[in-house]
Amino acid sequence: MEPRFQAAFKAMEELEKGAIANPDEGRMVGHYWLRDPKRAPNSFLRVQIENTLESLLKFSGDVVSGKIKPPSSPAGRFTQVLSVGIGGSALGPQFVAEALAPDVPPLKIRFIDNTDPAGIDHQIAQLGDELASTLVIVISKSGGTPETRNGLLEVQKAFREAGLSFAKQGVAITQENSLLDNTARIEGWLARFPMFDWVGGRTSEMSAVGLLPAALQGIDIKEMLAGGKLMDEANRTTVLKNNPAALLALCWYWATDGLGSKDMVVLPYKDSLLLFSRYLQQLVMESIGKEFDLDGNRVNQGLTVYGNKGSTDQHAYIQQLRDGVHNFFVTFIEVLRDRPPGHDWELEPGVTCGDYLFGMLQGTRSALYSNDRESITVSVEEVTPRSVGALIALYERAVGIYASLVNINAYHQPGVEAGKKAAGEVLALQKRVLQVLNEASCKEPVEPLTLEEVADRCHSLDDIEMIYKIIAHMAANDRVLIAEGSCGSPRSIKVFLGECNVDAMYS
């Protein structure tokens, strides 16, 4: 394995110098420069990184201090952050908020990270009157991500209904000259911060994407960056046994035969790290899960990640891990410090609450080992901005090294794009279905249609199952009426619209 690791170290060195490390999209990969701008390949990029950090620190400081205020809040200051974004624009900020936000943050944070109407309504309802003192951060690299766009439109509607000016409370984090950037500039939003072409969503936590929400919660983002930088320095050694990220990648390769043959179960024994496994799901699976290698060979690589927290795992699925199918390896995240100094006490002579958690971790680890179940243990002193920054950097580098070992591009996501394209095709088909139903509903008398008739008039007989799904969804939301039958028996139904939309017939 040594020659392959030396090749991986060389590839990582070239990546950090600005080589095109994402050949499929012709892009540099520069998230390591975010915590050490001097390593950026040119002065223009270095200044971009430094200026962005300086401006977001000033902005967040002015918001927290009350220098920047909402226009019509009785509180006289911003009290809430509502972050609108999905994928890498949400998973990192959510993980960091759960791990590091103080018990009483200067601004509390909420997330809209999906296009689920009920979920959006819940977040807005929870804000209540504090909507007037809510800073809304909209995060989208392109500005065209449907889930984020939908969340923005829903939030803007809530602002209008409350008689509030969204622009005076809106912040955009997006690529320069994107649709979102231009919208924010034209409408005069409160602030705009850049996303860079050379930073992917799943590695963007130490860009404005993650740093601004963290800073607004009172988290020391300079310490996060310092932790990431220190870990990067440790991971630049070409001596394999001294390189933490390389050792982690080697463990993955050994446990899965370099083929992803086993799942990675992530078990942090600390409540504040609960979301780490969700964060790693995207970082690892979106990076490693690839159909083709760099030479064009079909390899279907991947590492499946899931997890919970200790010792909840003891009461959830450790039974299967210990005694069931052996299709996994475990990563324990051990945190040595239980409480801040001076706050611990003994539940019984010689034993604290944290000792029980420690015992559960070590006991589970031993129980797995006794039945030939592999595990990795990553230990940190305590959960701090510096240690969290280091954890993020450790796994980012391990992913890059593992990708080199198995010869894949870790920095693109063609499968995600395929899913987005398919979703667009479904919505286009839905529009055709609505047009067909509208034409039938505008007849005298109204003409209820069977699924087969709808599919035929849409010229989409091969899509009849999807047409059924579309109609069932619209019927559940009172947008289509069922004249006969029930959705439980698709061939029995006849459907029509509740009313004729004449304008739609001529649009």
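**From a sheet to the core and its spaces**

Tutor: Strand E12 and strand E14 (residues 494–496) run antiparallel, and two bridges join them. This is a predicted model: local features need pLDDT of at least 70, side-chain atom pairs count only at pLDDT 80 or more, and totals for chains, interfaces and linings use all residues. Residues are numbered from 1 along each chain as its sequence is written, and side-chain values use heavy atoms, with hydrogens and water left out. Strands (E, at least two residues) and helices (H or I, at least four) are DSSP runs numbered from the N terminus. Two strands pair if DSSP finds at least two bridges between them.

Back to E12. Leu449 has Val495 in E14 as its bridge partner. The open sheet here has three strands, in the order E12-E14-E13, with antiparallel pairing. Strand E12 (449–450) and strand E13 (481–484) are at the edges with a single partner strand each, so one side of each has no neighbour in the sheet.

Now strand E8 (residues 328–335). Eight of its eight residues are buried, where buried means under 20% relative accessible area, exposed over 50%, and partly exposed in between (1.4 Å probe, protein chains only). In a regular strand, side chains alternate between the two faces of the sheet. In E8, Phe328, Val330, Phe332 and Glu334 point one way, while Phe329, Thr331, Ile333 and Val335 point the other way; all are buried.

E8 has parallel pairings. Strand E6 (residues 263–268) runs parallel to E8 and is joined to it by six bridges. Strand E11 (residues 375–380) also pairs with E8 in the parallel sense, over six bridges. Follow Ile333 across. Pro268 has Ile333 as its bridge partner in E8, and Ile333 has Val378 as its bridge partner in E11.

Tyr395 leads on from there. Contact means heavy atoms within 4.5 Å. Neighbours within four places in sequence aside, Tyr395 is in contact with Leu248, Trp252, Phe276, Leu280, Leu283, Thr331, Ile333 and Val378.

Next, the core. A nonpolar core is a set of buried Ala, Val, Leu, Ile, Met, Phe, Trp, Tyr and Cys residues joined through side-chain atoms within 4.5 Å. The largest has 85 residues, and Phe95, Trp252, Tyr395 and Ile401 have the most contacts inside it. Helix H13 (residues 385–405) gives the most to this core, with 13 residues. Another core lies apart from it, with 21 residues, including Ala132, Val136, Leu164 and Ala184.

Leu135 is in strand E3 (residues 134–139). Its relative accessibility is 0%, so Leu135 counts as buried. Not counting residues up to four places away in sequence, Leu135 touches Phe59, Phe78, Gln80, Val81, Leu82, Gln169, Val171, Leu190 and Leu216. Leu135 and Val63 are 72 residues apart in sequence, yet 9.1 Å apart in space, C-alpha to C-alpha.

Leu216 belongs to helix H7 (residues 208–216), where nine of nine residues are buried. H7 is followed by Gly218, whose phi is positive, near 85 degrees.

On a 1 Å grid over the protein atoms alone, a cavity is a set of points where a 1.4 Å probe fits but cannot get out; a pocket is an open set with protein on both sides within 12 Å along at least five of seven lines; lining residues have an atom within 4 Å of a point. Grid points are joined across faces, edges and corners, and a volume is the space filled by probe spheres set on the points. The whole structure has three cavities of 30 Å³ or more. The largest cavity has a volume of about 90 Å³. Its lining includes Leu34, Ile49, Ala208 and Leu211. Helix H2 (43–65) and H7 each supply at least two lining residues; H2 gives the most, with four. The lining has 10 nonpolar, two polar and no charged residues. Here Ala, Val, Leu, Ile, Met, Phe, Trp, Tyr, Cys and Pro count as nonpolar, Asp, Glu, Lys and Arg as charged, and the others, Gly among them, as polar.

Of its 21 lining residues, Glu98, Ala99, Leu100, Ala101 and Pro102 lie nearest its centre. Helix H3 (91–100) and strand E2 (108–112) are the elements giving two or more residues to that lining. H3 provides the largest share, five residues. By class, the pocket lining divides into 12 nonpolar, four polar and five charged residues.
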